[in-house]
Amino acid sequence: MASTKRRWRPKLSEKFIEVRNLDFCRGSRHIFKNLNLTIARGKITAIMGTSGTGKTTLLQLITRQLVPDRGQVFIDGVDIGKLNLRELYKLRRRFGVLFQNGALLTDMSVFENVAFPLREHTRLTNRLIRHVVLTKLHAVGLRGAADMMPGQLSGGMERRVALARAMVMDPDILIYDEPFVGLDPISMGVIVRLVKRMNKALGITSILVSHDVKEIMEVADCSYLISNGKVAASGSPEDMRQQLSETVRQFMHGMADGPVPFHFDAPDYEEQLLGRDEK
Amino acid sequence: MLREIYQALLEFVRTFGALQLFFLRLLRHSPFVFVKRFRLVVFQVYNTGVLSIVLIVVCGGFIGAVLGLQVYSNLKRFNAEDTVGLFTAFALAKEIGPVLTALLFAGRAGTALASEIGLMKATDQLSAMEMMAVNPIPRVVVPRFLGGIIAVPILTAIFTTMGILGAHLVAVELLGVDVGAFWQQMQQTLEPSDIYEGIFKSVVFGIVASLLAVWEGYNALPTAAGVSRATTRTVVVTAISVLILDFMITASLL
Ligand SMILES: Nc1ncnc2c1ncn2[C@@H]1O[C@H](COP(=O)(O)OP(=O)(O)OP(=O)(O)O)[C@@H](O)[C@H]1O
Ligand SMILES: [Mg+2]
């Protein structure tokens, strides 16, 4: 629709994105230590991990909003650390990103938000833009909200509009940062099916960050569990469920105690409550 | 102590350098935005202009009226009331118009620009644009910058005009200065160069006020506190810069 170029027909399990020996620190916190993972072309890859392990950070590194301290990210065999700004922007046109908080442009209506990439990058006529935008809005069930402003939407609606915007350029790679948070069961079902359809019908490679083990089981072809800056486990969701490793079992079954710390790094609880850590 | 002063100085030089680079970056994108994205610029002129116009009209009128009163009461001692128009016009066109307009602009439109850009940053809107392969500098920052540059001289002209009308109201209508003398003295003595000085200043102040507003917004920390700090800083920094520059320009033109 939006782009007329022919889409690459995926060969099975070909590497599309490869993260190699990645190190990244935020302040004094070492977020990734020698992280390696690959994302297969034309598949849905899920990235799981407890809150604060750096899933959003990983997406930012993959899209080069952040630059790693060490290591490389390859997209289609190209080291994105070596691209200049123009090439980077060209690459980014192939991305559709759903931000964790939607990130709609607050000074435009819902319609204009979804139309924004089209208006910036294509010379489509207004009629065609209208057609494409309404189709995408319809797909997320918000065609009726086209004239509303982002401030008037609920969190879940905002995220669905952002999803429509991420899809509007028919990207090669769709990146979803927590697409299922704050959705009611009906919308959730619709969005899950939409994610699946984008992938199956159009062959779009998808990266899905989520905590929702159940939804991931349903859609993902492959998944990674990140813990302590490393890949703790990987494989198809079925494999993951079968895995006996403590870490995986804890995450998949939602247990508080186990090798994955539920608590953010902190001084000893008892010591702190008793005030002994104060000098 | 000395070390802290040194650090602060270093920090200042660094920030100032970064500001200049930012300015050059905006200038580099300006011709393109001005030609290809003219609608965005016009919208921003409208936006900043409309934000400020009521303020400018009211303040201009009252400043002119006060000037008229003060100048009149002084000149009366020398029996030179006829020159009230001349003196107020002189002060307004050369000094008060450009300076006060820039300060009012910073307080009204500058803060709005800074907080708007800062909030867009804090809510990931600028990152989202970058991810959609849209550079936020030409899309968001430059139109606001150019809009401000265009708006300030226009607002200055309105301010000065309102000021002279205010002085006219007080001097002629209230205090009974002769209408003919009021305008004729002004026309005869005010040189074009005086007007040009005012226009020059308003253009410089327009650039400074717009630049500082978008700079503070674009470099705000992406949090609520960061944005509010940026808004405050916009007013403070613009006020200081405008007053220092005003002195320097006036001195160099004498
Ligand atoms: N701008 C920032 N500056 C400093 N540290 C940050 C910043 N953003 C995130 N962090 C830290 O980086 C770590 C990873 O954050 P990130 O947002 O990637 O987590 P996440 O896995 O996406 O969590 P969630 O599931 O809650 O979204 C966190 O521990 C956080 O404290
Ligand atoms: Mg996150």
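This is a predicted model: local features need pLDDT of at least 70, side-chain atom pairs count only at pLDDT 80 or more; totals for chains, interfaces and linings use all residues.
## A tour of chains A and B

For your selections, residues are numbered from 1 along each chain as its sequence is written, chains are lettered from A in the order in which they are written, and side-chain values use heavy atoms, with hydrogens and water left out.

**Stop 1: the interface.** Select the residues of chain B in contact with chain A (heavy atoms within 4.5 Å): 17 residues of chain B meet 20 residues of chain A. Three salt bridges cross this interface, each defined as a side-chain nitrogen of Lys or Arg within 4 Å of a carboxyl oxygen of Asp or Glu. For a close-up, pick A:Glu120 and B:Arg139, whose side chains form a salt bridge at 2.8 Å, N to O.

**Stop 2: chain B.** You will find eight helices and zero strands, where helices are DSSP runs of H or I with at least four residues, strands are E runs of at least two, and both are numbered from the N terminus. The C-alpha atoms fill a box of roughly 70 × 50 × 30 Å along the principal axes. Of the 254 residues in chain B, 46% are buried, meaning under 20% relative accessible area with a 1.4 Å probe and protein chains only (exposed is over 50%, partly exposed in between).

**Stop 3: inside helix α5.** Select residues 136-174 of chain B, which form helix α5, and find B:Thr160 within that helix. Is B:Thr160 buried or exposed? B:Thr160 is buried, because its relative accessible area is 11%. Leaving aside residues up to four places away in sequence, B:Thr160 touches B:Leu92, B:Ala93 and B:Gly97.

**Stop 4: chain A.** Finally, switch to chain A, which has ten helices and ten strands. Buried residues account for 49% of its 279 residues. Among contacts in chain A between residues at least 6 apart in sequence, 64% link residues at least 24 apart.
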